[in-house]
Amino acid sequence: MKDKICVVTGASNGIGKEIAIQLATMGARVAMVCRNEQRGLLAKKEIEESSGSNKIDLLLADLSSLIQIRQLAEKLSDSYSYIDVLINNAGNFYLKKQFYEDGIEMTFAINYLAPFYLTNLLLDKVKSAPQGRILIVSSRNQLMGKFDLDHYDFNNRIYNGLQAYSNSKLMTVIYTRELAKRLKGSKVTINAIHPGNVKTNIGMNDNNWLFKFIWRTRSLFNISVEKGAETTVYLATDPEIEKYSGQYFAHKKIAKVNPIANQPGVGEKLWDFTERMIRDASEQ
């Protein structure tokens, strides 16, 4: 991984920070994407100290904002002539329905729309690498996901945070499979990942005290961030993985996906829907 350029979103804590540490330790230049500057600077210092590397770049962006995603893509494109590995790690869980500046439901926006948009904006940079890799951190919850684009944001329905999360993670798997088809014949691969049930702070900043208490209690039985980062780092670095694209991995092995992800035409339908949404939101 010496001098390879790796972009990691959600790198200020949890799995993202650990992924950045491990890649930097291997000699990669890591572009860490964080939402909060103060937390980002603290994480950057920790990554440098833990890895012994000074090849760590900090970029700031709120990935629930389409404008900020575009600005981030522009900064990355200006900074690097190619990107070897793009790791879409950032994600969140919301107990209550929330919206941001684009008027898009937040779980959908951060967990699915952001990886779709950022990846597509940076695709030429990844194609310029000797063997580009795109990774999306999904979840085993994709198995519980439903595919209903008419009610993707629970419009006129009671909001269910867990179902919204599961739906968004299913969409990442569908997108992974669709983009892999479109990249066939290129030097770029894309795969999705279930990192395991990890001790992270996902959802801790935006939900009520009861949720936080339950999550902290449940996390006592979860795996460490070091263990949770293993599959992502493996997919980012192992030479054998260049043979695989459009797959969903868990515990370093290809795992079962929701049958919806294999339905004919579902990928094209989601792709077209997402492009229209981005276009409409950008024109507002």
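Predicted model: local features only at pLDDT ≥ 70, side-chain atom pairs only at ≥ 80, totals over all residues.

Biologist: At what angle do α1 and α2 pack?

Modeller: Two packed helices are described by the angle between their axes and the distance between those axes. Helix α1 (residues 14-25) and helix α2 (residues 37-51) pack at about 40°, with axes 9 Å apart. That makes α1 oblique to α2 (65 to 115 degrees is roughly perpendicular, under 35 roughly parallel, over 145 roughly antiparallel, and the rest oblique).

Biologist: Which residues of α6 and α10 meet?

Modeller: Helix α6 (residues 161-182) and helix α10 (residues 266-283) pack at about 100°, axes 9 Å apart, and are therefore roughly perpendicular to each other. In α6, Met 171, Ile 174, Tyr 175, Glu 178, Leu 179 and Arg 182 meet Val 266, Gly 267, Glu 268, Leu 270 and Trp 271 of α10; contact means heavy atoms within 4.5 Å.

Biologist: What lines the second largest pocket?

Modeller: Rolling a probe the size of a water molecule over the atoms shows where empty space is left. A pocket is an open set of points on a 1 Å grid where a 1.4 Å probe fits, with protein on both sides within 12 Å along at least five of seven lines; lining residues have an atom within 4 Å of a point. Here 14 residues line the second largest pocket, with Lys 184, Gly 185, Val 188, Thr 189 and Ser 245 nearest its centre.

Definitions and conventions. Residues numbered from 1 in each chain as written. Heavy atoms only, no water. Axes fitted to C-alpha atoms, helices over the stretch in contact; angles between N-to-C directions. Helix = DSSP H or I, 4+ residues; strand = E, 2+ residues; numbered from the N terminus.
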